[in-house]
Amino acid sequence: MAKLFSFGFWNTIARFILRNRLLILIAVIGATVFLGSQWKHMQFSFTEANLLPDDHPINIEYNKFLDKFGEEGNLIVIATNDSTLFTPKKFEAWNALTKKLRTYSEVESTIGVDNLKRLEKFSDPNRFELVDAAPKVLNADSLKNYETTIFNKLPFYEGLVYSKKTNTVQTALYLDKAIINKKARKDFILKELIPIIEEFEESQDINVYVSGMPYIRTLNSQNIIDEIGLFVGGALFVTSLIFFLFFRSFRATLISMITVLIGVMWAFGFLGLLRYEITVLTAIIPPLIIVIGIPNCIFLINKYQQEIKNHGNKAKSLQRVITKIGNATLMTNVTTASGFATFILTDSTLLKEFGVVASINILAIFLLSLLIIPILYSYLPMPKEKHLEHLNKRWVEGWVNWIENIVRHKRIMIYIVSIVLLVTSIIGIYTIKLSGSLLEDMPKEASFFKDIEFFQDEFGGVMPLEILIDTKRKNGVLKAATLKRMDQLQELLVDVPELSKPLSVVSLVKYTKQAYYNGNPKYYQLPTSQERNFILPYTKNSSTNGNILSTYVDSTGQYARMTTFMKDIGTEKMERIEEALWPQINKIFPEDRYDVTFTGRALIFQKGTTYLVNNLVLSLSLAILLIAVFMAWMFRSARMIFVSLVPNLLPLLVTAGMMGFLGIPIKPSTILVFSIAFGISVDDTIHFLAKYRQELKANNWRIKKSVYAALKETGVSMFYTSIVLFFGFSIFMISNFGGTKALGGLVSATLLFAMLSNLILLPALLLSLEKVIANKEVMREPSLRIIAEEEDMEDVENEKSTS
């Protein structure tokens, strides 16, 4: 009975499914309706993913910054370098544009040429006041003078309102911080801002550039939303087309599509049920379910048709499909889910959520395949002869025979090629780079990406990098010594070409000295100690620069903020910049008297990428260990670990080497390639080794005969599923996102290598190591029988008939 338990169990499951088919269909429909009702809870991420755990020191520093100064990513900039802007008609139109934008409740304030303020000195009492810089009467002369004033006499606004490179002017829109990470931001940008800008460009014939992190985040998340439908539709089309070409049956294709579509509905439902945001990672789960679900359908339908061909009994065929394929599909889906589930053990919330939803849905699509396919076929007439013709395809048999010939006669060549690939891959791995760029994956052809490049050229970047300076004493920021140190830091940052001109309280203090000297731009510098005594009475009586000061100094005067903007540089380059800056920063700000930290969303994303790589190594190691233990337990042979892992690790190394040679960096999107591919490719190994062990027993432990028999038996199904997976993952290559495109191409390539490795290298290893591995001592009765042997089926059916 112990020998029969596994298949007796599956036989019981088969009878339960077929006897209660109507109730099960109703249950599946009910579960689908329930999960469909959870779609309303799906939320799309309105910010870039934070890859670091909440208690990470960098996140703690960032939250400390937010507590002092609030959300930093609320700036949208609109700019133009039109040479005719400072003419009455164009200038008035530009002013009308910014005034219109200011009327929206989502816009907190604006700074631009239409409402530019100039700091002026007044007497009786001595004070500074902000006065309108723009001319009240718009004519050619007044606007020409105003243009000269902006570009030559107001250095305070350089980098904020203008750039001298091509005489570009920009208007800064500060959004309400309360909406920065909410749907209201998306609605304002997509439904109000973009249409207004487009209408303005068309009516005034002025080219307008728009950027800023809220704008970039919105269009980026919208692209993710748009691509979900594209991926689901593309994956369905490609997999259904390949499926039909293999089976030549509309009925089989339709049943498979129904199964995976329900799986997609469940995937969206689980996202809503768990209240997870849809990010660039979780967005690939629905099409992933299609790609992984179709091989389940292939195995089940192919086995059903084989059984029909063998004995022509529909009821017996359906029962045998579940009994024979149940273990195999369960084990392969469990190993695939395990590859994803290892992400749950990481400290990254983003990866945890991806791992939870992916592993749940992989097991769910297995359950749906096992229930829906046999039940639907039980209601349908038996397949016709033409539907079984694909079982005798000569070209597939010819391909398998070609593989067998290589294994039989060219084993040395197989090992030489494998070693060459291994060595070449290791060389390529050493050239892989790490990328933590927020912008690298964004669609390069999109107009908003061209705008990003414009702002990088003109203003030095669009991604805010914040520097938080803790003086460790109340009102320490406005001390002369601190301001002098901050000025030194600003000069240091100006010399870094990847960073923009910094903005801080130092700029405001310099502006007060310029104002004291009647606006002469040559006095835009920190006041001396003697000048401070003259300027201080004017500052104390001023009522207009308090709001500006609060932007850069906290309420206690202990903390100062310095804002610069980064160009689109990767993690490695930023780390080199930091490494060069820190010794000089520590020299300017002694560590016993000041605390200086770099922070900001862009920096967090970069640091998160490095953190993610470490988690990748952990999750992949866990996946390999888990599957190795599973193999050892399943085949009751520690030596089988080596045989099973080598053909699956080599494709991963080849892919990693390929990334190095092709210049594809490690980043959040490509980081998933290895765990996904390993979890899926090991399925072929399980199928092959299980069939090999079965053939060993049937052929009285004759190794060569068993290897070739297993190769012929599993080669066709491996080919079918690998082709579906290859083209299924290739659908991600139509993405506009560089990372998603790379993910699709790399996983497809890895799975193709894995198929060839399992069909060529694995049999070669078994033949070469036959004396060590394939004997009765090593290949004992397995702990878990993956494929039912005919005698098992007969014993189970005999037991059923006598009971």
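Trainee: Let's start with a sheet. Over how many bridges do β2 and strand β7 pair?
Mentor: Before that, some ground rules: this is a predicted model, where local features need pLDDT of at least 70, side-chain atom pairs count only at pLDDT 80 or more, and totals for chains, interfaces and linings use all residues. Residues are numbered from 1 along each chain as its sequence is written, and side-chain values use heavy atoms, with hydrogens and water left out. Strands here are DSSP E runs of at least two residues, helices are H or I runs of at least four, both numbered from the N terminus, and two strands pair if DSSP finds at least two bridges between them. β2 (residues 75-80) runs antiparallel to β7 (residues 168-175), and the number of bridges is six.

Trainee: Within that pairing, which residue of β7 is the bridge partner of I78?
Mentor: I78 belongs to the β2 side that also holds I76 and T80. Its bridge partner in β7 is T171.

Trainee: And how many bridges join β2 to strand β8?
Mentor: β8 covers residues 209-211 and runs antiparallel to β2.

Trainee: How many residues of β2 are buried?
Mentor: Buried means under 20% relative accessible area, exposed is over 50%, and partly exposed is in between, using a 1.4 Å probe and protein chains only. In a regular strand the side chains alternate between the two faces of the sheet. Here L75, V77 and A79 are buried on one side, and I76, I78 and T80 on the other. Out of six residues in β2, the buried ones number six.

Trainee: Moving to helices, at what angle do α7 and α23 pack?
Mentor: Axes are lines fitted to C-alpha atoms, for helices over the stretch in contact, and angles run from 0 to 180 degrees between N-to-C directions. α7 (residues 213-247) and α23 (residues 703-730) have axes 9 Å apart, and their angle is about 155°. Angles over 145 degrees count as roughly antiparallel, under 35 as roughly parallel, 65 to 115 as roughly perpendicular and the rest as oblique. That is why α7 is described relative to α23 as roughly antiparallel.

Trainee: How many nonpolar residues does the contact of α7 with α23 have?
Mentor: Contact means heavy atoms within 4.5 Å, and here α7 brings V238, T239, I242 and F246, while α23 brings F719, Y720, I723, V724, F727 and G728. Ala, Val, Leu, Ile, Met, Phe, Trp, Tyr, Cys and Pro count as nonpolar, Asp, Glu, Lys and Arg as charged, and the others, Gly among them, as polar. There are two polar and no charged residues, and the nonpolar number is eight.

Trainee: What is the strand order in the open sheet of three strands?
Mentor: The edge strands are β11 (559-566) and β12 (595-599), each pairing on one side only. β10 (residues 463-470) pairs with β12 over five bridges. With antiparallel pairing, the order is β11-β10-β12.

Trainee: Which helix lies across that sheet at about 165° to β12?
Mentor: α3 (residues 57-69) lies across β10, β11 and β12 too, but its angle is about 110° to β11. The helix at about 165° to β12 spans residues 571-588 and is α19.

Trainee: Is Q584 of that helix buried, exposed or partly exposed, and why?
Mentor: Q584 lies in α19. Its relative accessibility is 38%, so Q584 counts as partly exposed.
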